[in-house]
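Here is a short briefing on one structural model. Please look over the sequence and the 3D view before reading on.

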Amino acid sequence: MNAKTRARTAKSLLPGQGTLYLMALPGILFFFIFSYLPMFGVILAFKNYNFAGGIFGSPWAGFDNFEFFFTSPDLYRITFNTLFLNFLFIVFGTLAAVVTAVLLNEIRSKVSARIFQTFIFFPYFISWIVVSLFLGTFLSSERGIINQLLSAIGLDRVEFMNSPGIWPAILVVVYLWKSTGYGLVIYLAAITGINPEYYEAARIDGASRFQQIIRILLPQLRPTVLILLILAVGRIFYGDFGMIYALVGDNGQLYTTTDVIDTYVFRSLRTYGDIGMTSAVGLYQSLMGFLMVVLANWISKKLSDEKKGVLY
Amino acid sequence: MKKVFFKSALLLLAVILATVGCSNGKGNNADRSSPPAASPEPSATSGANTAVSEDNSKEPSPQKQEQVSLKLLLPGDKPQHYDEVMKVLNEKLTEKIQATLDIQYIPWDSYKDQILVKLAAGENFDFYYDGWWQNYAQVLSKGGALDISDLFEKNAPDLYNGLTAAYVDTNRYNGKIYGIPVPGPLEYPMAYIYRADIAEKYGYTPDMFKTKEDVQNFAFKVVGEDKSRIAKLNGEFTGNYQALAFLGMQREYIPSNDFNSPGMLLNNEPKVINQFETDYYKSVLTYANKGYNGGLIDKDSLFSKSTVTTDANTDAKTIGGIGNPSEGSLGDRTAAISKIEPGARFEQVLLEQGTKMVSSFKAGNFTVLSPSSNHPDRVLMLLNLIYADKDIRDTYLYGIEGQDFVAVGDNQYKYPDGLDRTKVFQNEWWMVTPWKNARIPATATDTDKASIAYITDTNNFVKSVIAGFEFNPDAVKSEISKVGAVVTEYRKVLESGAGTSAQLESRYAEFLAKLKKAGVDKIIAEKQRQIDEFLKK
Amino acid sequence: MVEHKSVSYRLFNSINYLFFSVIGIACLVPFLIVLGSSFEAEQNLKEAGFALIPKHFTLYSYETVFQLNSVMQSFLVSVTVTVIGTLSALLVTSLLAYPLSQREMKFRSLILGYVLITMLFSGGLVPWYILITKYLLLKDTLWVLIVPYLVNPFNMFVLKSFFETIPREIVESARIDGAGHFRSFLNIVIPLSTPGLATIGLFYALAYWNDWWLSLNFIESDKLMPVQLLLKKMISNLTYISSQIDTSKFIQVPANGVQMATTIISIGPIFLVYPYIQKYFVKGLTIGSVKG
């Protein structure tokens, strides 16, 4: 680009660019106020917080808050649970969504497909508070549907509230119930977006419907799956607080398998009121999350052989 | 695209720096500007000074003060007729101390965390309720209570003298007065409150309930014969099982009423033990386990997100429960339930008669002034009025006469015809003013009255060998937090009795091992060391 | 596409229909159980437990709910917040998403990074609380239920991707005709983006309708209590229900039934609106997310 053209571009674009920035301003301000301003709260992680001193007046604590957390036996457990549960959600969530999307695509009647999709998508819209009520109707030891069925066929009742071992499975089922519909819609769209010419070519080659799915459909889905996977991996250090807090609540018996970083942070705040420590855990989580995003992006770059990763 | 990433990182840095700088400025500005905004005339501190200078006149002269609004935080749900009652109350308060009261009720299940967040945020409120069995200890250690050592007697002389200087001193913390103690029952001996009509039907008389086993056997018998009955032997309120475990023994928690902290004294001997390690504790777990597997315990209690699971006045199925002694409610309960199930009648027995419980004669509940209060003097005047002025106290506690309550004599009340507790205004006395100052229900039965007399008479209790001792947790702060985490995780499950007895065994062993790992022994040793030192003096 | 007539394909097809029928029903079952239980008599609920088909059909729970002073008020609050919130959030989000979808915008990637970072770092509850209560003075106002959720970065990215799918030629031709960025955004991009806007609109509406966190932290007066917080209160304190109704009319307060009935009522609006916007929704979501 020579100097002349550059000058011309700048001239023609600048007034318009001003409008663009003006339009973006409210959103930028919003993030500045509601996300960036509270970020100075990270200094709390290095303070021995007391109510009289507040954020700026409390004495510095160095790395004491981190020491408390890093020497605590809980560190390993909550990190493991967060990663493990998210791993299960990602794997099963993706599988369920892809499989249902592929199968739903095979249903030729538009009306039926639409009805099925409506049903499967619906739970996505229910709040976790309501879901926890739903779950209670199933899992209650005395009155729950599952135990009513079990005792009706002569089997022993299961005390779900007292069996931490099955909770990862319960959480996965609830997760699938609530969010498969969302993934389904996305993958279904990716499938309908595939150029029909590919199928045409395959059919001319004599490929069966099943072969078409394996050879054309699935490879075409790969980029979408990857993008969503990578986005999910980036957030793998964040437990779903709304879900787990609503479903498990304060049942200590289930913490061994369900306690995640987010619920732990919330509980430390309410049981010990230790704001410094809570902030330290939050910072740990943010940093690990940041690392994961960088990592995920790097992987996506390697996988796609492009200069640019999924995120930047 | 490394460049872009680098750029965004730079930007982030710039933004954070700008943010910190900016908010610093903001914070200072706000700090500087807030007192004048809150009180246009004299600033907060000079307000306190005015009160101090008025000390010699005792009765603060009404004309001189500016009108202020005081904010109180209480746990629970907003009572009926709140606005009407407050209007009446505030007229009276304005006339006497130029103040109005505004109460914010926070649901029980979020009260503790909301208090912490509000204190942490330095939000503007003047006073709040707290207690050892809530999170008073944490609030104190984090500086969440205003030191009123110099203000209390000056601004609330009647309350101070009524409580007595000795009692106030007993409840000091690190030598200073923080929360104002609210004297209630001295200790809480365990009681069984049960359906007397059902007991009679099965041939039980009150004197047949002597131990917790008697209660359990009764429950087994009833539930065994009548499937529609619910035994509900869960401890719904913190502390029941703790007390149950040591039933019939003199027990003392350090700090008092802190049931979650390991380290207590037994039988008034100055030897600190880990209560979770004792045979007594183990035996109550076995007891609970037996009840759980025998169908006496609501198996969903672990699932329950409810803080108040039974509605005492609508639940006609439950045959009884072990808990704190009744404080005058048996009559009302009988009346409410007999509407649903004719003939229903409630009765209670104290399970610990014959044992003199040990007491440090400390309060469990406190009215605490917030460090951010702009008018601590006026809060104290208000509390003094509630203490000394019967009319204001009645309005604050029971609402408007005729609409919310009917006064019966000087110290009793009843609900207007056809109404009950859920339909009228009512505040809890134990959050603000001594029990002897409150009215009891006119429907209280003789058992009620006997139990009230019992739990308030110092002669029924033995003075603790470490009365006056206060525990300073600083040296073992981090251990206390870690142990606290273990206790919250295990206690509820263990004490619910859930699982097979083998599960219970292994879970209990796990609990003890984790306590050790979290440093329980260090806490016990520290408590012992401080007590030894205290006793040497 | 030509239908496959082979036997194996037909068999597959039947199984497929069966599969989706089962899954579809499974997705609705929890809802149906609560629906069934809301018509069940309280005594049966307490003793026999929850049921798909009530053993003793009654409207008692619903009668009680409509006696609750707070239910109607809460609905009003939730509806107001959802409507105002969704519209404002759509406005601010699309105003931000559009410039970011324009490749010629300088500092575009910087701003994108700026937004992305907020998805990862947060200052924690306490600083956020202090900001809202002490500096923004939003506590106990209707605005506090709206403003903190005005832009969700995820929704912003979805909408940005959607805008990017609009052919550049259309926008550019308008610009050549002399329209400014704002004009072409308003007159060309917005009308072409109904599915995208409907999608994130529904997301925002859901976020507002289902939220209890903001109200739990910032709302003091009962007049501003939204439905979800009311539900939470009912779940955590059964006596809350009896304090809200005229118990003299009831021998026994149907506390469990009322929980169920309120739940059903709280889902109602979603249930009613959802089928109508579903088609936009699917379209918007797919275009937005697939392109990442």
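This is a predicted model: local features need pLDDT of at least 70, side-chain atom pairs count only at pLDDT 80 or more; totals for chains, interfaces and linings use all residues.

Residues are numbered from 1 along each chain as its sequence is written, while chains are lettered from A and ligands numbered from 1 in the order in which they are written.

**Chain C against chain A**

- In this pairing, 71 residues of chain C are in contact with 68 residues of chain A (contact: C-beta atoms, placed from the backbone, within 7 Å).
- Elements giving two or more residues to chain C's side include helix H1 (7-38), helix H5 (108-120) and helix H14 (255-290) of chain C. Helices here are DSSP runs of H or I with at least four residues, strands are runs of E with at least two, and both are numbered from the N terminus.
- H14(C) gives the largest share of that side, 13 residues.
- The side of chain C that touches chain A has 43 nonpolar, 24 polar and four charged residues. Nonpolar means Ala, Val, Leu, Ile, Met, Phe, Trp, Tyr, Cys and Pro; charged means Asp, Glu, Lys and Arg; the others, Gly among them, are polar.

**Helix H5 of chain C**

- The 13 residues of H5(C) should span 18 Å at 1.5 Å a residue, and the end C-alpha atoms are 19 Å apart, which agrees. The expected span is 1.5 Å times one less than the number of residues.
- Buried residues in H5(C) include C:Ile111, C:Tyr114 and C:Leu120. Buried means 20 or more other C-beta atoms within 10 Å of the residue's own, exposed means 12 or fewer, and partly exposed lies in between; C-beta atoms are placed from the backbone.

**Chain A spans**

- Residues 83-104 of chain A are 100% helix and 0% strand, with end C-alpha atoms 31 Å apart.
- Residues 225-248 of chain A are 75% helix and 0% strand, with end C-alpha atoms 30 Å apart.
- An unreviewed UniProt entry lists both spans among its "transmembrane region" residues. Such annotations may be inferred rather than shown by experiment, and positions follow the numbering used here, with feature names shortened.

**Chain B sheet**

- Five strands form an open sheet of mixed pairing, in the order S2-S1-S3-S11-S4 (chain B). Strands pair if DSSP finds at least two bridges between them.
- S3 (127-131) and S11 (365-369) of chain B run antiparallel, joined by five bridges.
- B:Asp130 stands opposite B:Phe366 in S11(B).

**B:Gln530**

- B:Gln530 sits in helix H19 (520-536) of chain B.
- B:Gln530 counts as partly exposed because it has 19 C-beta neighbours inside 10 Å.

Definitions and conventions. Two residues are in contact if their C-beta atoms, placed from the backbone, lie within 7 Å.
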